[in-house]
Amino acid sequence: MAMSNLLYPLNPTTFTLSRKPLHSPFLSSFTNQPYLITLTNFATKPRNKIPTKPRRSTHITAKSNGDNPADTSDRLISAICYFYPFFDGIQYGKYVITQFTPIQAVIQPLVPAIRVFKSFPFNGFLVFLTLYFVVVRNQNFSRYVRFNTMQAIVLDVLLIFPDVLERSFNPRGGLGLDLLMSLDSTVFLFLFVCLIYGSSSCLMGQLPRLPIVADAADRQVL
């Protein structure tokens, strides 16, 4: 019996010991008030739950790189900026323009503007300063205009490398001349494609990202 009590202990919830009043003259005064002893197991009381903070849901919202759709004036200014590196590097097309008539027909309407641009040696540098400090660093212009302007500036800065190569190595014939013609034609075609792609995208309200120069323009435009 004792072993069974050890193996199967009493229910630890709540139990009551009750003692009935004794019929005794000495205890007759307590007959009307029975004496009860109640033992309560405090382990059965519900534990206070530790308040837990509600988890905050994290919402990730994707934002586009461009601003709001550009208006007509922003599109026009951005499209015109891509003529700057093309005018500054028009000399690299002396071999391509003479060989391909369609390219001559496209460039022919731009000849007066190219002559004005090339009339003064420092025109390119003055245009560079104007575009950078008046447009790119001016928060009054939208980011759309400043980004496209910065792309045109970076593209023009890259023209330093073919210019240095052409001045350093000026072959008169042979394989060196063929390599120089290939380099100049590649640079001109790259500028020509950038002009068409950049200007047409701006006129349609899209954001052109030119290879090589787009990341550098992003870092400059805050």
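Me: Why is F83 called partly exposed?
Reply: Its relative accessible area is 25%. Buried means under 20%, exposed over 50%, and partly exposed lies in between, with a 1.4 Å probe and protein chains only. So F83 is partly exposed. F87, at 10%, counts as buried. This is a predicted model: local features need pLDDT of at least 70, side-chain atom pairs pLDDT 80 or more, while totals for chains, interfaces and linings use all residues. Numbering runs from 1 along each chain as its sequence is written, and side-chain values use heavy atoms, without hydrogens and water.

Me: What makes F125 and F128 a stacked pair?
Reply: Their ring centres are 6.4 Å apart, with 25° between the planes. Rings of Phe, Tyr and Trp (its six-membered ring) pair if their centres lie within 6.5 Å; planes under 30 degrees apart are stacked, over 60 edge-to-face, the rest tilted. Therefore this pair is stacked.

Me: Why is α8 called roughly antiparallel to α10?
Reply: The two helices pack at about 175°, with axes 12 Å apart. Angles under 35 degrees are roughly parallel, over 145 roughly antiparallel, 65 to 115 roughly perpendicular, and the rest oblique. So α8 is roughly antiparallel to α10.

How values were computed
Axes fitted to C-alpha atoms, helices over the stretch in contact; angles between N-to-C directions. Helix = DSSP H or I, 4+ residues; strand = E, 2+ residues; numbered from the N terminus.
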